[in-house]
Amino acid sequence: MNKPILSVTDLHKSFGPQHVLKGISLDVQAGERIAIIGGSGSGKSTFLRCINFMEMPSQGRIALDGHSLGSVKQTRAGETRVNYAERELCQVRARVGMVFQQFNLFPHMTVLENVMEGLVTVKRAAKTEAREVALSQLTKVGLSNRLDAYPSQLSGGQQQRVAIARALAMEPEIILFDEPTSSLDPELVGEVLRSIRVLADEGRTMLLVTHELGFAYHFATKVIFLADGVFHEVGTPEEVLKEPKQQKTKEFLRRFNEFAF
Ligand SMILES: Nc1ncnc2c1ncn2[C@@H]1O[C@H](COP(=O)(O)OP(=O)(O)OP(=O)(O)O)[C@@H](O)[C@H]1O
Ligand SMILES: [Mg+2]
């Protein structure tokens, strides 16, 4: 085994009294594609958000390329705490890209400007260079003909493809997708999944929270079922989606497939 590109160790997250993630550990090798499934409110988004520090872990460590993030401090009460410098977190967010359910594009910027924004403000790229990168990523998602449109003039599927191009433009080492198709009309789901598929074929490292179990089956190298704050079942798509061993996984899949034909 090579050194993992991402390593999560004993991650916990609480919101006040609510203990959402209860000790999650995961090693991700470069090129792995991990699909995360689980019921609503089980903590899937919270898990992804902790990985790129949009939420601060309550406990546990996250390492990129073998380097643990943050520094351990002893509190006066004798407890250990991990402190994170804002500069370090900015670097992490550039290395770990995220695509959201609700696209989160800037409404007052054009398609091209949305994709250039992070390059110019975070990576301090020159405008001409940022434009070139943005254009090539927008071409990849099939939107080179909509550069001057505003998000409100695009369909949901197009907006999500802009969001994917925006994440890619930053050249992240890992891309996190949080239910990228679940706010789309059914006929637009395919075009977004196809863009994700292209990235998969490029060998990118990705974590994808999804309810598209068919896509997860074909896309993922590993499937994780999150329940009760822990990784309840982990395995290949075949193992978890076709031959689940745990009762809870079986029930979840049965509910999902209730109306399948
Ligand atoms: N910022 C927050 N403040 C307080 N509670 C939160 C916060 N974010 C999430 N939670 C709570 O944590 C739990 C897990 O939420 P999360 O959004 O991670 O679930 P999820 O698995 O992504 O669900 P869904 O499939 O509906 O998106 C929920 O009970 C939610 O209410
Ligand atoms: Mg969620």
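The structure is a predicted model, in which local features need pLDDT of at least 70 and side-chain atom pairs count only at pLDDT 80 or more, while totals for chains, interfaces and linings use all residues. Residues are numbered from 1 along each chain as its sequence is written, chains are lettered from A and ligands numbered from 1 in the order in which they are written, and side-chain values use heavy atoms, with hydrogens and water left out.

Ligand 1 is surrounded by 13 residues, each having a heavy atom within 4 Å of it; Q18, S40, G41, K44 and T46 are the closest. By class, this shell holds 8 polar, 3 charged and 2 nonpolar residues (Ala, Val, Leu, Ile, Met, Phe, Trp, Tyr, Cys and Pro count as nonpolar, Asp, Glu, Lys and Arg as charged, and the others, Gly among them, as polar).

A polar side-chain atom of K44 lies 2.7 Å from an oxygen atom of ligand 1. For G43, a polar backbone atom is 2.9 Å from a ligand oxygen, and for E179 an N or O atom in the side chain is 3.2 Å from an oxygen atom of the ligand. On its own, ligand 1 has 640 Å² of accessible area, of which the protein covers 62% (Shrake-Rupley method, 1.4 Å probe). Two or more residues of the shell come from each of β2 (18-28) and α1 (44-51), and α1 gives the largest share, 3 residues. Helices (H or I, at least four residues) and strands (E, at least two) are DSSP runs, numbered from the N terminus.

Attention now turns to the helices, with axes fitted to C-alpha atoms over the stretch in contact and angles running from 0 to 180 degrees between N-to-C directions. Helix α3 (residues 111-121) and helix α5 (residues 156-169) have axes that come within 8 Å and cross at roughly 25°, which makes α3 roughly parallel to α5 (an angle under 35 degrees). Helix α6 (residues 186-201) packs against α5 at about 20°, with the axes 8 Å apart, so these two helices are also roughly parallel.

Helix α4 (residues 127-140) meets α5 at an angle of about 135°, their axes being 9 Å apart.

Note on methods
Polar contact = N/O pair within 3.5 Å; in protein donor to acceptor, adjacent residues only side chain to side chain. Parallel < 35°, antiparallel > 145°, perpendicular 65-115°, else oblique.
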